[in-house]
Amino acid sequence: MNAAHLRWLPLLLAALLPSLAIAQTLDRVRASGTLTLGYLPDQPPFSVSEGDGASGYGVDLCQKVADQLRTQPGLAQLRTRFVPLAPEKALDVVREGGVDLLCSPVVETLKRRETLAFSLPVYTAGVGVVLRQDASPHLVRVLKGEESPSGPTWRATVNRGLTAAHFVVQGGTVVESWARERLRLLKVLVTLDTVPSALDGVQKVAKGEADAFFADQMMLRSLVQRDASNAGLMVLDRRFEFEPVSLAMARGDEDFRLQVDTALSRFYRSGDMVPLYTRYFGPPGELDQTLFKVYSRR
């Protein structure tokens, strides 16, 4: 190696060190004795704050990951620590190694895969919508998909149902991208704003500050049901899109990812999966149980 190469070596090592440090998740967890788990506090039924900890479907799955890690050398006494994260910062914290695993499932996209790794899918989300029970009948029919999409009057029909409508979505999510693209293609006349959390979106609709809020359908139902002040709201049965969601972690650590996927696969194929799923979402249908097998690995 010549002198020119030696001059560049410190810079190269400095560039690599952060990613190498993040990648050694199991070594870091073994040294500290603690698995650090991030979660979004207002994402029921996937994750909510509960005293000094957290609860929810995603949180329970993270506990299964911790159980799997406790079978590994030097990790029998592993502790878990839950860290609440702001929705707009959560993926950055995961990316930088601030938490070992994000327990609030997110949609895996090609863009996100550039800087993050993802577990096996843990749930199949569907985009739903919440609106007031006294919403315009035209708006309800359009959002239910009852207006015919065929013929030359389709765009005019949609605009009659949506003219001056005010929709909200959670900022920085896949649902925001979906909604903006959908409205662009339909060329409908609506206002689309963002809110920092799903709870904020539901509250805006409840207060009459927005006509509809789009988010994961199951999460919308959970938010509406848990607060009596939402009695005037309704979540439509229609699902606009289907998306599998996963647990996110820092990119570049296949050993840790293997442990996460091993835990999830074993749980999918165990007799404990159905009661856990039922607790948060109701009894799984035939499709759900088929997906349990499809998502798992042997």
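Helices (H or I, at least four residues) and strands (E, at least two) are taken here as DSSP runs, numbered from the N terminus. All views come from a predicted model.

View 1. Since buried means under 20% relative accessible area, Asp100 counts as buried because its relative accessibility is 5%. Its side chain makes a polar contact with the side chain of Arg28, at 2.6 Å. Setting aside neighbours within four places in sequence, Asp100 also touches other residues, including Thr25, Val29, Thr34, Leu35, Thr36, Met249 and Phe256.

**View 2. Cys62 and Cys103 form the one disulfide in the structure.** The two sulfur atoms are 2.1 Å apart. The torsion about the S-S bond is about -120 degrees, so this disulfide is left-handed. The bond ties together distant parts of the chain: Cys62 belongs to helix α3 and Cys103 to strand β6, 41 residues apart. Both cysteines are buried.

**View 3. The largest nonpolar core has 57 residues.** Tyr57, Leu101, Tyr123, Val130 and Phe213 have the most contacts inside this core. Helix α3 (residues 57-69) gives the most to the core, with 7 residues. Apart from this core lies another, of 19 residues, with Leu139, Ala179, Leu192 and Ala212 among them.

**View 4. A closer look at Val130 and what it touches.** Leaving out neighbours within four places in sequence, Val130 is in contact with Val202, Val205, Asp211, Ala212, Phe213, Leu220, Val224, Leu233, Met234 and Val235.

Terms used. Residues are numbered from 1 along each chain as its sequence is written. This is a predicted model: local features need pLDDT of at least 70, side-chain atom pairs count only at pLDDT 80 or more; totals for chains, interfaces and linings use all residues. Side-chain values use heavy atoms; hydrogens and water are left out. Buried means under 20% relative accessible area, exposed over 50%, partly exposed in between (1.4 Å probe, protein chains only). A polar contact is a pair of N or O atoms within 3.5 Å; within protein, one must be able to donate a hydrogen and the other to accept it, and residues adjacent in sequence count only if both atoms are side-chain atoms. Contact means heavy atoms within 4.5 Å. A nonpolar core is a set of buried Ala, Val, Leu, Ile, Met, Phe, Trp, Tyr and Cys residues joined through side-chain atoms within 4.5 Å. A disulfide is a pair of cysteine sulfur atoms within 2.5 Å.
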